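Please look at the chain below before reading on.

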Amino acid sequence: MARIAYHDADAEAFAATRHLTDDGLTAWRAAVARHLAPRPGMRLLDLGAGTGSWARTFTDWFPGVEVVAVEPSAAMRVRCAFAPLVAGDAGHIPLADGSVDGAWLSTVIHHVPDLAAAARELRRVLRPGAPVLIRSAFAGRHEAITLFDYFPEAIRVLDTYPGIADVEAAFAAAGFATAAVEQVPQVTASSLREAAAGLRREAHTPLQLITDAEYAAGVQRLREAAHVHSGPVIDALDLLVLR
């Protein structure tokens with residue numbers, strides 16, 4: 001079970017606020033291309049695809065790459081504008097053995113209840129040597145994410161997420177080795193003012209899991225800072241690559 005329900009309110013908030021622009025994703029395009037080496041005819045699994053924004057982005061970026069989106073939440077699937085999209089989760093991937101050339105998991109790994117089972121399933125569906133690319137905020141690594149500057153109470157939630165070492169250990173048991181760990185920058189918003197105006201608590205797991213008073217205090221800090229600071233909001237999430 002995911003850390004939050006991803007019923008209609010969560011899925012709607014996610015769809016409305018968690019999609020980044022192509023300009024904001026420039027460094028991610030380069031990182032994915034470097035580690036995936038996309039080519040026409042390649043088949044890529046987007047596991048935990050949500051509303052399909054990454055799947056759509058990959059098909060735009062990499063012509064000829066077939067993306068298969070798998071998503072466990074019915075509310076997310078209803079809002080997904082990408083096809084093919086199938087129901088499934090990290091412990092039950094509805095694909096044949098050795099049928100994909102890579103797997104992408106974006107802000108998903110902390111919702112996976114059994115990392116070892118997920119690693120075994122990914123090993124099953126991936127062709128030999130194919131990479132797993134995990135984009136995430138990991139435990140103990142909040143410093144480059146602006147959200148935690150204004151909601152420091154949410155760090156305690158982040159620190160219940162798997163750490164990089166936890167994921168590496170679970171995947172090593174399934175025969176994976178770490179190929180790379182890097183921080184990748186992204187433009188999350190054009191300004192703090194835009195970030196504050198578009199913030200939806202339901203779209204962020206760490207914000208749902210702090211108290212109402214802590215959330216209100218963070219919103220106030222963010223709004224006050226938005227009156228002072230200009231320039232884009234640049235965050236960096238980690239990319240863990242396993243093979």
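Contact, as the word is used here, means heavy atoms within 4.5 Å. With that cut-off, Pro38 touches Val32, Ala33, Phe62 and Val65, leaving aside residues up to four places away in sequence. The model is a predicted one, in which local features need pLDDT of at least 70 and side-chain atom pairs count only at pLDDT 80 or more, while totals for chains, interfaces and linings use all residues. Residues are numbered from 1 along each chain as its sequence is written, and side-chain values use heavy atoms, with hydrogens and water left out.

The secondary structure of the chain comes to 11 helices and seven strands, where helices (H or I, at least four residues) and strands (E, at least two) are DSSP runs numbered from the N terminus. The radius of gyration, taken over C-alpha atoms, is compared with a globule rule of 2.2 Å times the number of residues to the power 0.38. For this chain the radius is 17 Å, close to the 18 Å that the rule gives for 243 residues, so the chain is as compact as a globular protein of that length. Along its principal axes, the C-alpha trace spans about 50 × 35 × 35 Å. Among the contacts with a separation of 6 or more, 79% are between residues 24 or more positions apart.

Turning to the interior, buried means under 20% relative accessible area, exposed over 50%, and partly exposed in between, with a 1.4 Å probe and protein chains only. Buried residues make up 51% of the 243 residues in the chain. A nonpolar core is a set of buried Ala, Val, Leu, Ile, Met, Phe, Trp, Tyr and Cys residues joined through side-chain atoms within 4.5 Å. The largest such core has 48 residues, of which Trp28, Phe58, Trp104, Phe151, Leu199, Leu207 and Leu239 touch the most other members. Helix α11 (residues 212–226) contributes the largest share of this core, five residues. Apart from this core lies another, of 31 residues, among them Leu45, Leu115, Leu126 and Leu240. Trp104, not counting residues up to four places away in sequence, touches a set of residues including Trp28, Leu44, Leu45, Asp46, Trp54, Phe58, Arg135 and Leu239.

The loops hold several backbone details. Between α2 (26–36) and β1 (43–47) lies Ala37, whose phi is near 50°, a positive value in a residue other than glycine; Ala37 is partly exposed, with a relative accessible area of 47%. Pro38 is in the loop between α2 and β1 and is partly exposed, at 26%. The C-alpha atoms of Pro38 and Leu192, 154 residues apart along the chain, are separated by 34 Å.

Thr107 also has a positive phi, of about 45°, although it is not a glycine. This residue is found in the loop between β4 (102–106) and α5 (115–125), and at 16% relative accessibility Thr107 counts as buried. In the loop between α4 (74–78) and β3 (85–87) is Pro84, and the peptide bond from Ala83 to Pro84 is cis, with omega near 5°.

Finally, His204 lies in the loop between α9 (192–198) and α10 (205–208). His204 is buried, with a relative accessible area of 17%, and touches Arg18, Leu147 and Leu199, not counting residues up to four places away in sequence.
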